Amino acid sequence: MKLALMKNRFWRIDRRPHGTDFAGALALVEDAVPEPAEGQIVIRNAMLSMDAGTRMWLTDRQDGYQPPLEVGTSMIGLVIGEVVQSRAAGFPEGTLVRAFGQWGDYSVVDAVMSGAIALDPAVADRRAWFGPLGMNGWTALWGIEQTGAAKPGERVLVSAAAGATGILAVQIAKLLGCEAWGIAGGVAKCAYLTDTLGIAGAVDYKAGNVAAQLDRAGGFDVYFDNVGGGLLDDVLTCMNHYGRIAVCGLLADYTGGGRTSPREFDQVLMRRLRIEGFFSPDFMHEGPRLTERLKTWHEAGALVMPYDVTQGLENTLTAYAKLFTGGNIGKVIVELTP
Ligand SMILES: NC(=O)c1ccc[n+]([C@@H]2O[C@H](COP(=O)([O-])OP(=O)(O)OC[C@H]3O[C@@H](n4cnc5c(N)ncnc54)[C@H](OP(=O)(O)O)[C@@H]3O)[C@@H](O)[C@H]2O)c1
């Protein structure tokens, strides 16, 4: 196939976005599909994963866990698709892969640097490779079990609990024998957590008086924090002694550019808490082991994921914004029409 002659539409970063004005910052442009260099593969993207953490890559901060994406380049994110041209060993044409690729019709990536993984085509619902069997699954399991060190019988609280990572974290806490609670925005999301997923309780942070709601819920041993900000202050004052806070993400700061500096930091001493951040690329090498465990739960129907699917590359920015406005329950995905 003469890919170089084929057109590739992709989302280019033209300037750094303000808040959630993604349309003012990214443009859908067209170019030829580049020829792959040695070690590279060309993926025909079938799906794009929308991940809140990528919002940080769009800022100009240099002190993040990775350098910012450069203005003038393509937006990057996880993709699933078929290898249509290969100059990398182990990735023959026709392989179904997941990798960090470009938000476009095609991704041209170095197989190693992009973390490309060949996927088992026997998994019927390919979207699961972005959810329970993907980075969100790995992150949820690691944060609850390793960083949070949750033990059976303990009380575990998760913020952004109706989003992709949070939904998996509350279910995994429950599967490990903990009493799982979630914080989410709105009645529908809280009802989903308690009535559909059957977790012990939910706190609606948009209903106001979060501190009183948390007080009524009682103390927590583990907090899986996706949000930071003022919510972290509220939770710090309701942690049980010797509790653990696993810092997964800082959604409160992503679009506004603020920095979380907990007012209630002294509770770390008063309650002898441990606060620790964790980052999925640090435990990528554990991926196959984590996937096996997640797959067992998933195949048994014990680990579920609702999907929020948008059709068409041209609608990507609408899908992306949902992560920051609370428009989604579960995993946000963009499906590309062939
Ligand atoms: N450390 C790691 O390796 C790692 C890996 C993957 C993801 N993460 C983190 O996991 C978190 C969730 O990411 P995701 O991609 O799975 O997105 P997601 O949870 O599917 O979507 C984000 C959700 O967060 C909530 N939210 C947004 N802004 C908020 C705010 N200011 N305060 C409270 N809640 C807010 C919204 O729900 P509501 O309606 O409830 O507000 C929204 O639906 C992010 O912090 C991300 O950085 C970390």
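This report describes strands, helices and a ligand shell in a predicted model. Residues are numbered from 1 along each chain as its sequence is written. Local features need pLDDT of at least 70 and side-chain atom pairs count only at pLDDT 80 or more, while totals for chains, interfaces and linings use all residues. Helices (H or I, at least four residues) and strands (E, at least two) are DSSP runs, numbered from the N terminus.

**Strand pairs and the open sheet**

Two strands pair if DSSP finds at least two bridges between them. The table lists two such pairs.

| Pair | Sense | Bridges | Residues standing opposite |
|---|---|---|---|
| β3 (residues 40-49) and β6 | antiparallel | five | I41 and V109 |
| β11 (residues 220-225) and β12 (residues 239-247) | parallel | five | V222 and R244 |

In strand β6 (residues 106-110), four of the five residues are buried. A residue is buried if 20 or more other C-beta atoms, placed from the backbone, lie within 10 Å of its own.

Six strands form an open sheet in the order β10-β9-β8-β11-β12-β13, and their pairing is parallel. β10 (201-204) and β13 (274-277) each have a single partner strand, so one side of each is left without a neighbour in the sheet. From one strand to the next, the twist averages 15°. Angles run from 0 to 180 degrees between N-to-C directions, and axes are lines fitted to C-alpha atoms, for helices over the stretch in contact.

**Helices**

Helix α3 (residues 164-175) lies across β8 (155-158), β9 (179-184) and β11, and runs at about 165° to β9.

Helix α2 (residues 135-147) and helix α9 (residues 287-299) have axes that come within 10 Å and cross at roughly 90°. The two helices are therefore roughly perpendicular to each other, a term for angles of 65 to 115 degrees. On the α2 side, the contact is made by G137, W138 and L141, and on the α9 side by G287, L290, R293 and L294. Two residues are in contact if their C-beta atoms, placed from the backbone, lie within 7 Å. The residues of this contact divide into four nonpolar, two polar and one charged. Ala, Val, Leu, Ile, Met, Phe, Trp, Tyr, Cys and Pro count as nonpolar, Asp, Glu, Lys and Arg as charged, and the others, Gly among them, as polar.

**The ligand shell**

The ligand is surrounded by 30 residues, of which the closest are G53, G163, G185, G249 and G326. By class, the shell has 15 nonpolar, 13 polar and two charged residues.

Notes
Buried ≥ 20, exposed ≤ 12 C-beta atoms within 10 Å, placed from the backbone. Parallel < 35°, antiparallel > 145°, perpendicular 65-115°, else oblique. Near = placed C-beta within 6 Å.
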